[in-house]
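Welcome! Take a moment to look over the sequence and the structure shown here, and then let us walk through some of the details together.

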Amino acid sequence: MEICLGLKQIIRIIRQKSMAEIKTKQNDADVNEFINSFAETEQKRKDSFELLKLMSEITGFEPKMWGPTMIGFGSYHYKSERSKQEGDWFLVGFSPRKAAISLYVYTGAEEHEYLLKDLGKYKMGKACIYVNKLSDINQEALKELMKKTIEFLQSRYSK
(Lines give C-alpha, C1' and ligand atoms only; values in the text may rest on other atoms or scores of the structure.)
Protein backbone atom coordinates (compact mmCIF):
# COMPACT_ATOMS: atom_id res chain seq x y z
CA MET A 1 0.00 0.00 0.00
CA GLU A 2 2.79 2.44 0.86
CA ILE A 3 4.56 1.65 -2.41
CA CYS A 4 1.42 2.56 -4.41
CA LEU A 5 1.02 5.78 -2.47
CA GLY A 6 4.68 6.61 -3.11
CA LEU A 7 4.26 5.85 -6.81
CA LYS A 8 1.17 8.09 -6.98
CA GLN A 9 3.13 10.91 -5.37
CA ILE A 10 5.99 10.45 -7.84
CA ILE A 11 3.58 10.49 -10.78
CA ARG A 12 1.95 13.68 -9.43
CA ILE A 13 5.35 15.36 -9.07
CA ILE A 14 6.36 14.34 -12.61
CA ARG A 15 3.08 15.69 -14.01
CA GLN A 16 3.47 18.99 -12.14
CA LYS A 17 7.05 19.34 -13.36
CA SER A 18 6.15 18.64 -16.98
CA MET A 19 3.17 21.01 -16.82
CA ALA A 20 5.34 23.81 -15.44
CA GLU A 21 8.14 23.34 -17.98
CA ILE A 22 8.07 26.00 -20.65
CA LYS A 23 7.73 24.61 -24.14
CA THR A 24 8.88 27.65 -26.09
CA LYS A 25 12.66 27.35 -26.31
CA GLN A 26 15.37 28.69 -28.55
CA ASN A 27 16.07 26.43 -31.53
CA ASP A 28 18.16 26.34 -34.70
CA ALA A 29 15.37 26.86 -37.25
CA ASP A 30 16.19 29.33 -40.02
CA VAL A 31 14.72 32.78 -39.24
CA ASN A 32 14.66 33.98 -42.87
CA GLU A 33 13.00 30.78 -44.03
CA PHE A 34 10.41 31.11 -41.26
CA ILE A 35 9.54 34.69 -42.28
CA ASN A 36 9.28 33.80 -45.96
CA SER A 37 6.98 30.85 -45.26
CA PHE A 38 4.96 32.17 -42.29
CA ALA A 39 4.34 35.86 -43.04
CA GLU A 40 1.18 35.77 -45.12
CA THR A 41 1.50 39.10 -46.92
CA GLU A 42 4.32 40.91 -48.68
CA GLN A 43 3.87 43.79 -46.19
CA LYS A 44 4.35 41.44 -43.20
CA ARG A 45 7.46 39.95 -44.82
CA LYS A 46 8.90 43.41 -45.50
CA ASP A 47 8.10 44.59 -41.96
CA SER A 48 9.55 41.38 -40.48
CA PHE A 49 12.87 41.82 -42.28
CA GLU A 50 12.92 45.45 -41.18
CA LEU A 51 12.30 44.37 -37.58
CA LEU A 52 15.17 41.87 -37.87
CA LYS A 53 17.55 44.71 -38.74
CA LEU A 54 16.15 47.09 -36.14
CA MET A 55 16.16 44.60 -33.26
CA SER A 56 19.62 43.29 -34.16
CA GLU A 57 20.91 46.86 -34.17
CA ILE A 58 19.32 47.77 -30.81
CA THR A 59 20.15 44.53 -29.00
CA GLY A 60 23.48 43.60 -30.53
CA PHE A 61 22.20 40.01 -30.83
CA GLU A 62 21.47 37.85 -33.84
CA PRO A 63 17.85 36.71 -34.31
CA LYS A 64 16.99 33.21 -33.14
CA MET A 65 13.82 31.18 -33.45
CA TRP A 66 11.99 30.49 -30.17
CA GLY A 67 9.44 27.77 -30.54
CA PRO A 68 7.90 27.42 -33.98
CA THR A 69 6.65 31.01 -34.45
CA MET A 70 8.62 33.57 -32.43
CA ILE A 71 11.85 35.38 -33.26
CA GLY A 72 13.87 36.52 -30.26
CA PHE A 73 17.03 38.51 -29.60
CA GLY A 74 19.34 37.79 -26.68
CA SER A 75 18.15 35.89 -23.64
CA TYR A 76 17.91 35.91 -19.88
CA HIS A 77 17.17 33.33 -17.21
CA TYR A 78 14.13 34.05 -15.03
CA LYS A 79 12.70 32.57 -11.87
CA SER A 80 9.03 33.24 -11.22
CA GLU A 81 8.19 34.98 -7.97
CA ARG A 82 4.73 33.37 -7.88
CA SER A 83 5.61 29.78 -8.74
CA LYS A 84 8.57 27.48 -8.97
CA GLN A 85 8.76 27.96 -12.73
CA GLU A 86 12.03 29.14 -14.22
CA GLY A 87 13.55 29.15 -17.66
CA ASP A 88 15.14 31.12 -20.43
CA TRP A 89 13.40 33.74 -22.54
CA PHE A 90 14.39 36.30 -25.15
CA LEU A 91 14.98 39.97 -24.24
CA VAL A 92 12.85 41.30 -27.10
CA GLY A 93 11.23 39.66 -30.08
CA PHE A 94 8.33 39.47 -32.51
CA SER A 95 6.13 37.19 -34.56
CA PRO A 96 4.45 38.01 -37.91
CA ARG A 97 1.09 36.49 -36.99
CA LYS A 98 -1.93 36.37 -39.29
CA ALA A 99 -3.98 39.11 -37.60
CA ALA A 100 -1.07 41.41 -36.69
CA ILE A 101 2.61 41.53 -35.91
CA SER A 102 3.13 40.64 -32.25
CA LEU A 103 5.91 42.67 -30.63
CA TYR A 104 7.43 41.31 -27.43
CA VAL A 105 9.16 44.50 -26.37
CA TYR A 106 7.35 45.71 -23.25
CA THR A 107 7.89 44.85 -19.59
CA GLY A 108 4.37 45.69 -18.49
CA ALA A 109 5.86 47.55 -15.53
CA GLU A 110 3.99 50.68 -14.43
CA GLU A 111 7.16 52.77 -14.57
CA HIS A 112 7.40 52.04 -18.31
CA GLU A 113 3.84 52.98 -19.31
CA TYR A 114 5.01 56.43 -20.42
CA LEU A 115 7.01 54.74 -23.19
CA LEU A 116 3.76 53.75 -24.93
CA LYS A 117 2.34 57.28 -25.32
CA ASP A 118 4.35 58.14 -28.45
CA LEU A 119 4.34 54.66 -29.96
CA GLY A 120 1.50 55.23 -32.43
CA LYS A 121 -1.28 52.92 -33.56
CA TYR A 122 -1.24 49.58 -31.69
CA LYS A 123 -3.30 47.28 -29.49
CA MET A 124 -2.16 45.76 -26.23
CA GLY A 125 -2.40 42.09 -25.41
CA LYS A 126 -1.56 40.50 -22.11
CA ALA A 127 2.13 40.10 -22.93
CA CYS A 128 2.65 41.89 -26.21
CA ILE A 129 1.91 44.81 -28.48
CA TYR A 130 0.01 44.16 -31.72
CA VAL A 131 0.62 46.30 -34.82
CA ASN A 132 -0.90 45.91 -38.26
CA LYS A 133 2.17 47.28 -40.00
CA LEU A 134 5.44 48.77 -38.90
CA SER A 135 4.64 52.16 -40.45
CA ASP A 136 1.77 52.52 -37.92
CA ILE A 137 4.24 53.05 -35.09
CA ASN A 138 6.96 55.55 -34.24
CA GLN A 139 10.29 53.77 -34.77
CA GLU A 140 12.14 56.04 -32.33
CA ALA A 141 9.57 55.31 -29.62
CA LEU A 142 9.92 51.58 -30.38
CA LYS A 143 13.72 51.80 -30.06
CA GLU A 144 13.44 53.55 -26.69
CA LEU A 145 10.87 50.99 -25.51
CA MET A 146 13.22 48.13 -26.45
CA LYS A 147 16.22 49.76 -24.76
CA LYS A 148 14.31 50.29 -21.50
CA THR A 149 12.93 46.75 -21.60
CA ILE A 150 16.39 45.27 -22.11
CA GLU A 151 17.86 47.41 -19.29
CA PHE A 152 15.02 46.36 -16.99
CA LEU A 153 15.32 42.65 -17.74
CA GLN A 154 19.11 42.58 -17.54
CA SER A 155 19.16 44.42 -14.21
CA ARG A 156 16.36 42.31 -12.73
CA TYR A 157 17.64 38.95 -13.92
CA SER A 158 21.39 39.52 -14.02
CA LYS A 159 23.40 36.43 -13.20
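## A first look at the fold

Gly 93 has its place in strand β6. Please keep in mind that this is a predicted model. Gly 93 counts as buried because its relative accessible area is 0%, under the 20% cut-off. Beyond its neighbours within four places in sequence, Gly 93 is in contact with Met 55, Ile 71, Gly 72, Phe 73, Ser 102, Leu 103, Tyr 104 and Val 105.

Is Ser 95 buried or exposed? Ser 95 is buried, because its relative accessibility is 0%. A polar atom of the Ser 95 side chain lies 2.4 Å from the backbone oxygen of Thr 69. Leaving out neighbours within four places in sequence, the contacts of Ser 95 are Phe 38, Thr 69, Met 70, Ala 100, Ile 101, Ser 102 and Tyr 104.

Now for the chain as a whole. The protein chain has four helices and nine strands, and along the sequence they follow the pattern α-β-α-α-β-β-β-β-β-β-β-β-α. Of its 159 residues, 40% are buried. Among contacts with a separation of 6 or more, 53% are between residues 24 or more positions apart.

## Helix α3 and its surroundings

Helix α3 runs over residues 42-59, which makes 18 residues. From its first C-alpha to its last it reaches 26 Å, close to the 26 Å expected at 1.5 Å a residue. The buried residues of α3 include Leu 51, Leu 52, Leu 54, Met 55 and Ile 58, and also Lys 44, Arg 45 and Asp 47. What do the buried residues of α3 pack against? They pack against α2 (31-38), β2 (63-66), β3 (70-73), β6, β7 (101-104) and α4.

Arg 45 sits in helix α3. Not counting residues up to four places away in sequence, Arg 45 touches Ile 35, Asn 36, Ala 39 and Glu 40. A polar atom of the Arg 45 side chain lies 2.5 Å from the backbone oxygen of Ala 39. After α3 comes Gly 60, with a positive phi near 80°.

| Side chain | Backbone oxygen | Distance |
|---|---|---|
| Ser 95 | Thr 69 | 2.4 Å |
| Arg 45 | Ala 39 | 2.5 Å |

The largest pocket holds about 940 Å³ of space. Its lining has 26 residues, and the closest to the centre are Tyr 76, Thr 107, Ala 127, Leu 153 and Tyr 157. By class, the lining has 15 nonpolar, six polar and five charged residues. Strand β4 (76-79) and helix α4 (139-156) each supply at least two residues of that lining. Which element gives the most to the lining of the largest pocket? That is α4, with four residues.

Glu 140 is found in helix α4. Glu 140 counts as exposed because its relative accessibility is 53%, over the 50% cut-off. The C-alpha atoms of Glu 140 and Leu 119 are separated by 8.3 Å, and the two residues are 21 residues apart along the chain.

Notes:
Residues are numbered from 1 along each chain as its sequence is written. This is a predicted model: local features need pLDDT of at least 70, side-chain atom pairs count only at pLDDT 80 or more; totals for chains, interfaces and linings use all residues. Side-chain values use heavy atoms; hydrogens and water are left out. On a 1 Å grid over the protein atoms alone, a cavity is a set of points where a 1.4 Å probe fits but cannot get out, and a pocket is an open set with protein on both sides within 12 Å along at least five of seven lines; lining residues have an atom within 4 Å of a point. Grid points are joined across faces, edges and corners, and a volume is the space filled by probe spheres set on the points. Ala, Val, Leu, Ile, Met, Phe, Trp, Tyr, Cys and Pro count as nonpolar, Asp, Glu, Lys and Arg as charged, and the others, Gly among them, as polar. Buried means under 20% relative accessible area, exposed over 50%, partly exposed in between (1.4 Å probe, protein chains only). A polar contact is a pair of N or O atoms within 3.5 Å; within protein, one must be able to donate a hydrogen and the other to accept it, and residues adjacent in sequence count only if both atoms are side-chain atoms. Contact means heavy atoms within 4.5 Å. The expected span of a helix is 1.5 Å times one less than its number of residues.
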